[in-house]
Amino acid sequence: MENVEWDSVLQYISDPADSPSPQSERPVSEMAGVPVHLQNPIQQTLSPPNSENGSPSALQDMVPQDHLPGNTIVSVSTTFHPGANLLPIPADLIFLSSDGVFFYVHTTQVLAMSTNRFNNLVPPPPVKTKVRDDLGPVVPLPEVATVLNVILHVVYESSCAHYHPSIDTLVAAVDAMAVYGLPPKVHIAPSTPLYSLILSQAPIQPIVAYALAAAHDLYDLAVPVSSHLLSFALYTLTDELATRIGPVYMKRLFFLHLGRLDALKRLLLPPPHPHPPTSNCDFTEQKKLTRAWALASAYLAWDARPDLSTSAMENALCPLADHLSCDICKRSLADRVKQLIVQWSVVKRSI
């Protein structure tokens, strides 16, 4: 990067105390440096931090070659930086994550979305803090950059899907939202970006996503997430997860599993319909099919699971036709299997 370009980047630095100030980094893969005469150089990670560059030696390799050893390397959010133009007005508040990443935001937007002044951490505009930058007071927060990044995207009602946050990051962010006066029930609705993002992570760790929805009473989220829990072994639930889910959503999950098992047993019970006796197949002969159906359905019911597939049903029941000599009985069996599959496919798959 040419010196002229660096001058434009460094125009945000102005601190009466001569302490290092944050600066924006564009693109994300480049680090920005502060002139060498500034004291107390620091070295920080990108925002959100790159998982491939987590070690100090890796970060050192990312520093441009033309930077002097005494330069200060700081980390600024790639979305919430001074030149982001998220609103028509300039940013007037800086959040500092626990891992040293600066987020430039607007006091009016934060206060408009938060019900408790961001846990009473956002001062009114006239108030000055000890740590002060030209772009507003610096407010340190206990969350890491990846979590704070999700929270601030909620504040600005935008999607952070392009950062690909993990389900653990989303869980930490939603838990913190309640602390900062951002009610999850308000900001995680079916029409919101965060709702879609959490739902997209549900197939990976469905029980974690379900516990998150249960902990914050997000019923609209818990319903679609629960459909991914049909194969979940309930006996593997830990005490921690059970406590987080709570009795109401725990009961709903158990009733989902038990209800599908009961429905399966009821559906398997009726045998294929008998037909009028013929010269080749009388009632005695047809009882063989009834007994075979009873044995096969008992096998399915004994090893039944809430996520039992229709192909497993067909594999267990369709081979019964190989032992039948009556074409009418074979058609009756085929019709009964089709009916069973249709009935099982419409059984409720979510809480």
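This report looks at selected residues of a predicted model.

## Basis of the model

The model is predicted: local features need pLDDT of at least 70, side-chain atom pairs count only at pLDDT 80 or more, and totals for chains, interfaces and linings use all residues. Residues are numbered from 1 along each chain as its sequence is written, and side-chain values use heavy atoms, with hydrogens and water left out.

## Positive phi angles

Most residues other than glycine have a negative phi. Asn-120 has a positive phi of about 60 degrees. Asn-120 sits in helix α4 (residues 117-120); helices are DSSP runs of H or I, at least four residues, numbered from the N terminus. With a relative accessible area of 60%, Asn-120 is exposed (exposed means over 50%, buried under 20%, partly exposed in between, with a 1.4 Å probe and protein chains only).

Asp-217 also has a positive phi, near 55 degrees. Its place is the loop between α9 (206-215) and α10. Asp-217 is partly exposed, at 37% relative accessibility.

## A loop residue

Ala-233 lies in the loop between α10 (219-226) and α11 (239-268). Ala-233 counts as partly exposed because its relative accessibility is 26%. Pro-306 is 73 residues away from Ala-233 in sequence. In space, the two are 10.0 Å apart, C-alpha to C-alpha.

## Cysteines

The structure has zero disulfides (a disulfide is a pair of cysteine sulfur atoms within 2.5 Å). Cys-329 is buried, with a relative accessible area of 4%. Cys-318 is partly exposed, at 39%.

Conventions
Helix = DSSP H or I, 4+ residues; strand = E, 2+ residues; numbered from the N terminus.
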